[in-house]
Amino acid sequence: MSTLKKAKNFKKSKAGTYLSIGTTLFGAVSVVKQAKKARGERDTLQLVDAVVSAAAIATGVALLVRELRRMSSDDVLAD
């Protein structure tokens with residue numbers, strides 16, 4: 001099996017999905033810092049950017065959690 005194929009299979013695995021959730025949530029740290037800085041500087045545009053980024057992170061995590069649930073339900077049906 002080629003390295004690229006292994007990488008694609010890992011990405012679709014439960015472990016890969018958990019890793020994706022972790023890295024996505026790690027991105028939330030920079031968004032929180034951005035929001036705090038924007039509030040401190042009273043920079044409305046930066047604050048809006050932070051809010052939109054936070055919404056994108058929340059949506060991404062929700063999609064990954066849904067994928068995990070689908071994987072779990074597929075496992076039950078496979079038994």
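Which pattern does the protein chain follow when read along the sequence? The answer is α-α-α, and this is a predicted model. The chain has three helices and zero strands; helices (H or I, at least four residues) and strands (E, at least two) are DSSP runs, numbered from the N terminus.

**How to read the numbers**
- Residues are numbered from 1 along each chain as its sequence is written, and side-chain values use heavy atoms, leaving out hydrogens and water.
- Local features need pLDDT of at least 70 and side-chain atom pairs count only at pLDDT 80 or more, while totals for chains, interfaces and linings use all residues.

**Confidence**
- The chain averages a pLDDT (the predictor's confidence in each residue, from 0 to 100) of 86, and 78% of the residues score at least 70.

**The core**
- Seven residues form the largest nonpolar core: Ile21, Val31, Ala50, Ile57, Val61, Leu68 and Met71.
- Such a core is a set of buried Ala, Val, Leu, Ile, Met, Phe, Trp, Tyr and Cys residues joined through side-chain atoms within 4.5 Å.
- Helices H2 (14–41) and H3 (44–78) each supply at least two residues of this core, with the largest share, five residues, coming from H3.
- Leaving aside residues up to four places away in sequence, Val61 touches Ile21, Thr24 and Leu25 (contact means heavy atoms within 4.5 Å).

**Buried residues**
- Of the 79 residues in the chain, 13% are buried, meaning under 20% relative accessible area with a 1.4 Å probe, protein chains only.

Conventions. Buried < 20%, exposed > 50% of the residue type's maximum accessible area, 1.4 Å probe, protein only.
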